Amino acid sequence: MLVAPSVLSADFGNLARDVKRICDAGCDLVHVDVMDGHFVPNLTIGPVVVSAIAAAATKPLDIHLMVQNNTFFVELFAPLQPEFISFHIEEEKHPHRLIQNIRSLGIRPAIVLNPQTLPETLEYLLEDLDMVLVMSVNPGFGGQHFIPNTVAKIKRLKQLRDAINPDCLIEIDGGVNNSNIAMLRDAGVDVCVAGSYVFNHADLKQAIDSLHI
Ligand code: DX5
Ligand code: ZN
């Protein structure tokens, strides 16, 4: 299991310090939540702050876009060369084109599914994707409760993924902690995002280790 702590739950007054801490504590990716106040009812950070995160990070960035104008934001973040950029399928009319654009910028493309979005939506896109991010909460905020039916959805997605593109990773985001991680791994999750669980833990390394299963 790869572990991608979400900096949404970091102390923004000490952002560089917290980014360094999770990297030193052994995370695999630094998950960055970009919200535009339109696609989701919250507003977070743009390229100025994300470039400060990139400068502090010793692990690759995993940028999760929760925005209306995906193409605009992809162009904005591409110069930071994150490992992944993921965009929501619910907000994209031309996902196939955007996948190609992201890859042509030297970034690995990923698509995000909201809680109600069927895995089958990706049947004709999976072969071109490096990762699918399954939301296990409604996007917009950290610290929410895990939606239980996400587990069945992961299992369906895994079947599709294994049949179409076994190299495509399955990532989960929302309400992940040490008590549901084993169940998520067994269902097929390869990468977990965890915000409040990691940052509310007294010992970041212990928190990250407990998800590395
Ligand atoms: C929610 C974000 C998540 C969030 C997860 O829209 O995409 O990355 O930070 O936070 P926790 O782990 O607290 O649910
Ligand atoms: Zn996220």
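Is Asp209 buried, partly exposed or exposed? Asp209 is partly exposed, with a relative accessible area of 36%. Here buried means under 20% relative accessible area, exposed means over 50%, and partly exposed lies in between, using a 1.4 Å probe and protein chains only.

Before we go on, a word about what you are looking at. This is a predicted model, in which local features need pLDDT of at least 70 and side-chain atom pairs count only at pLDDT 80 or more, while totals for chains, interfaces and linings use all residues; side-chain values use heavy atoms, with hydrogens and water left out. Residues are numbered from 1 along each chain as its sequence is written, and chains are lettered from A and ligands numbered from 1 in the order in which they are written.

Let us stay with Asp209 and meet its partner. The side chains of Asp209 and Lys205 come together in a salt bridge, 3.0 Å from N to O. A salt bridge is a side-chain nitrogen of Lys or Arg within 4 Å of a carboxyl oxygen of Asp or Glu. Lys205 is partly exposed too, with a relative accessible area of 45%. Both residues belong to helix 8 (residues 204-211), where they sit 4 residues apart, about one turn of the helix. Helices (H or I, at least four residues) and strands (E, at least two) are DSSP runs, numbered from the N terminus.

In the whole structure there are 12 salt bridges. Some of them join up: a network of salt bridges links Asp11, Arg17, Asp18 and Arg21. Asp18 is buried, at a relative accessible area of 6%, whereas Asp11 is partly exposed at 35% and Arg17 is partly exposed at 34%.

Next, look for the open space. The largest pocket holds about 310 Å³. To find a pocket, a 1 Å grid is laid over the protein atoms alone; a pocket is an open set of points where a 1.4 Å probe fits, with protein on both sides within 12 Å along at least five of seven lines, and lining residues have an atom within 4 Å of a point. Grid points are joined across faces, edges and corners, and the volume is the space filled by probe spheres set on the points. The lining has 27 residues, and Phe141, Gly142, Gly143, Gly174 and Gly175 lie nearest the centre. Strand 2 (30-35) gives the most to this lining, with 3 residues.

What about the cysteines? A disulfide is a covalent bond between the sulfur atoms of two cysteines. Counting a pair of cysteine sulfur atoms within 2.5 Å as a disulfide, the total comes to 0 disulfides. The closest cysteine sulfur to that of Cys23 is in Cys27, 4.3 Å away, so it is too far for a bond. For Cys192, the closest cysteine sulfur is again in Cys27, at 11 Å, also too far for a bond. Cys23 is buried at 5% relative accessibility, and Cys192 is buried at 0%.

Our last stop is Asn70, found in helix 3 (residues 70-77). Asn70 is buried, with a relative accessible area of 1%. Leaving aside neighbours within four places in sequence, Asn70 is in contact (heavy atoms within 4.5 Å) with Leu65, Phe87, His88, Glu91, Glu92 and Leu98.
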